[in-house]
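The following briefing concerns a predicted model. Please consult the sequence and the coordinates alongside the text.

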Amino acid sequence: MAEAHQAVAFQFTVTPEGIDLQLSHQALTEIYLSVLRSWKKRLIRLKNSVITGVYPASPSSWLFVVIAILATMYTRSDPSMGLIAKIQEHLPVSHSLSAQCQTVLSAVLFSTMLWLSLIFTMRMCLKQLLSYHRWMFEPRGKMTNTTKVWLTLVRIFSGRQPLLYSYQGSLPNLPVPAVKDTIKRYLESVQPLKNPEEFERMTSLAANFESCLGNRLQWYLKLKALWASNYVSDWWEEYIYLRGRGPIMVNSNYYGMDFLYVTPTPLQAARAGNTLHAAFMYRRKLNKEEVKPWLLMSSAPCCSYQFERMFDSCRIPGTITDSVQHWQDSDYVAVYHRGRYFRLRMYSAGRLLSPREVESQVQKILDDPSSPSPGEEKLGALTAGDRIPWAKARKEYFSSGLNKRSLDCIEKAAFFVTLDDDEQGMMGEDPAASLDRYAKSLLHGKCYDRWFDKSFSVVIYKNGKNGLNAEHSWADAPVVAHLWEYVLATDSFQLGYNEEGHCKGEVDSSLARPQRLSWDIPPECQEKIAQSLSIAQALADDVDFHVFSFRDFGKGMIKKFRISPDAFIQLVLQLAYYRDRGAFCLTYEASMTRLFREGRTETVRSCSNESCAFIRALEGGEGAEVCRRLLRQASEKHQSLYRHAMTGAGIDRHLFCLYVVSKYLGVESPFLNEVLSEPWRLSTSQTPVQQVELFDLVNHPEYVSCGGGFGPVADDGYGVSYSIVGENMINFHISCKHSCPQTDSHKYGGLIRQALLDLQLLFCPDQKDPSKADLRQTKKDM
């Protein structure tokens, strides 16, 4: 193939006259520029490592300390109290240096030790300051003097212009809660879900666990917390994600959508050009650590370690457990189109291709008339099915030769790209149904046209719509959402398109064509692909999805009720579920623990005694004043639960780790076994807009993303993702399974809509009839 020959720097042939050596100057130039680019990145990383390593001080502060010490010495004072003289006595090169040089060198060494000691002290002080979390429990707008002093000190010790990873060494470790506190909170959380007999039995199991096995397991957990960066995260990644042997498609991976109302260009190749270029722009910012660390209250930093494996990473299947592999910066992406795999280089002569050049390269793939080789078209189904068959097939058929080289190309790519032949988005005569199809397509596609093991896969549809599918083990949704917000904003507001819908810029006509990957897949392997596809297809067909935007009101009105928008929506979800099933259920809401080093998530058990009391009162016909009071109590309780989860006082991660320790020790705990087997029939998560400054929702309200979603966690439950956008919009993504007769995503969506309107009536009784408001909303959706 021509593109293969262009990648060879030299060729030689043996002739009767000798060896004929042919050098390709263009290829050698490419190699030189590639090496140069690699060394530039190494130097940038080295520089950032130095800056991050001495944070909150700066490298230049070392020179200031040295000059200050030398200046005091010339005034005939000894700031070291004799230490400089001691250092001078033990200098190994004292015999070859003059007395003055020895004094200066000793002073420099003392200054360096003093500087490092100051850095260590500042970092420990900052770590202690960041361990203070009482500010989170204070009423909004009522900051105590203690918190004001804390904010001032944090800003003093934080230095200036921190890089993405500057705070990592100063973040506190996640604390291990007391066993009795965790059990107390657990019993409180399950009390409204159990009858008196069941609750009494669980109380007895908990008391027995606390008095016997609990303290023993806790001792091992505290021992781990002493030396581990985070006592939860490594076990969470290993046992919750990587050891799962079922399909990760639907069950683990999640997705993100494009703009809801706008498609910047109808040209597939052009949209791919801007999207891929913007993603590599983000990677460049990530490599330079120019992505700003996420700060709460503009001062409290969140852990950034999840960003490290965003690009150039892939989940590798194993028979017992999977692993996440991360490579150095790849200069290409792997592309799938009509059953063929391609390698698309994103750099030429050491520079990133322009959006117009990427568009041109993508168009060459779209125009390629070649057919898939046997087994190639549905190869991706291996990543969608069960993990053990995929691990065995990978070892047997992809561990050497041609298949290994092609598989390596996919797994080591910066990320994966699918050029989809379908058209998606909110369109046609039934926009509501089209949104549902759009969500299902991003979640699982055709079950073979995504590479579900890649850290994330970008999907570009035929009509210019896009989206992404992300693997869950390496990071949580807010990290991927940060990338996706940047890509969408950069695509539309910075790069843009010309009048014909093409990307802007010029094209280098000498660019090599994208390289088609080759495979040699035997019939036995094709049979395994077919088996994985049948399992994945059955799972995908069982998913019932519904996506809708609620636009009658949003967080603007909810805040006027003096209620947290997140707590308000959680109560809406509880009310809708109660009306759907006639009972309450164990409810999962994801909360982050990134205020701690290597923190990931914690569970907020949203179903509480207070929320149940409110819903019973509302459904029982109590007066509006009583219901408003109970609603506010339930909201305050939810906020308290959320804050406890964020500050390391959650329930579920502690119980999970105690359970893992019990398995290592080979001891059984009836209490932990029952806790860890309880189903989450309502699994919820909010996806907030993090980079509000990138989107002008006042002047351009149409440029709003619909957010993203995930599959159902329980076979007989719902998965609900929601995003609060601007002041007047709330997007919902609802999933369940067709195979469960008790669940229906569209029915539950209707109940959510009605519950929102009913709660609005509690505070705005002069509103029009809710059924009419619901009808107005339906007409808007049409």
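Strand β21 (residues 718-725) is mostly covered, with 8 of its 8 residues buried; buried means under 20% relative accessible area, exposed over 50%, and partly exposed in between (1.4 Å probe, protein chains only). Helices (H or I, at least four residues) and strands (E, at least two) are DSSP runs, numbered from the N terminus. Residues are numbered from 1 along each chain as its sequence is written, and side-chain values use heavy atoms, with hydrogens and water left out. As this is a predicted model, local features need pLDDT of at least 70 and side-chain atom pairs count only at pLDDT 80 or more, while totals for chains, interfaces and linings use all residues.

**Strand β21 and its sheet**

- Both faces of β21 are covered: Tyr 718, Val 720, Tyr 722 and Ile 724 are buried on one side, and Gly 719, Ser 721, Ser 723 and Val 725 are buried on the other.
- In a regular strand the side chains alternate between the two faces of the sheet.
- An open sheet of 6 strands has the order β16-β22-β21-β19-β17-β18, with mixed pairing; two strands pair if DSSP finds at least two bridges between them.
- From one strand to the next, the twist averages 20°; axes are lines fitted to C-alpha atoms, for helices over the stretch in contact, and angles run from 0 to 180 degrees between N-to-C directions.
- Strand β19 (residues 682-686) pairs with β21 in the parallel sense over 5 bridges, and the bridge partner of Ser 685 in β21 is Ser 721.
- Strand β22 (residues 729-737) pairs with β21 in the antiparallel sense over 7 bridges, and the bridge partner of Ser 721 in β22 is His 733.
- β21 and β22 form a hairpin with 3 residues between them, and Gly 726 in the turn has a positive phi of about 60°.
- Strand β17 (residues 587-592) and β18 pair in the antiparallel sense over 5 bridges, with Glu 589 opposite Val 604 in β18.

**The sheet of 8 strands**

- A further open sheet, of 8 strands, runs in the order β15-β9-β8-β12-β13-β14-β3-β20 and has mixed pairing.
- Its edge strands are β15 (515-516) and β20 (708-710), each of which pairs on one side only.
- Strands β13 (residues 456-460) and β14 (residues 466-470) pair in the antiparallel sense over 5 bridges; Asn 469 in β14 is the bridge partner of Ser 457.
- Helix α12 (residues 355-367) packs on the sheet and touches β8 (332-337), β9 (340-345) and β12 (416-419), its direction making about 165° with that of β9; contact means heavy atoms within 4.5 Å.
- Helix α15 (residues 431-444) also packs on the sheet, touching β3 (254-257), β13, β14 and β20, and its direction makes about 130° with that of β3.

**Salt bridges**

- A search of the whole structure finds 39 salt bridges, a salt bridge being a side-chain nitrogen of Lys or Arg within 4 Å of a carboxyl oxygen of Asp or Glu.
- The side chains of Lys 224 and Asp 234 form a salt bridge (2.7 Å, N to O).
- Lys 224 lies in helix α9 and Asp 234 in helix α10, so this pair ties together parts that are 10 residues apart in sequence.
- Lys 224 is buried at a relative accessible area of 5%, whereas Asp 234 is partly exposed at 39%.
- Arg 516 forms a salt bridge with Glu 376, with the closest N and O atoms 2.7 Å apart.
- Since Arg 516 lies in strand β15 and Glu 376 in the loop between α12 and α13 (387-397), the pair ties together parts that are 140 residues apart in sequence; both residues are buried.
- Asp 652 and Arg 605 meet through their side chains in a salt bridge (2.6 Å, N to O).
- That pair links distant parts of the chain, 47 residues apart, with Asp 652 in helix α22 (residues 652-665) and Arg 605 in strand β18; both Asp 652 and Arg 605 are buried.
- A network of salt bridges links Arg 245, Arg 315, Asp 322, Arg 387, Asp 453 and Glu 471.

**A buried glutamate**

- Glu 237 lies in helix α10 (residues 233-242) and counts as buried because its relative accessibility is 14%.
- Not counting residues up to four places away in sequence, Glu 237 touches Leu 242, Arg 309, Val 324, Ser 473 and Arg 600.
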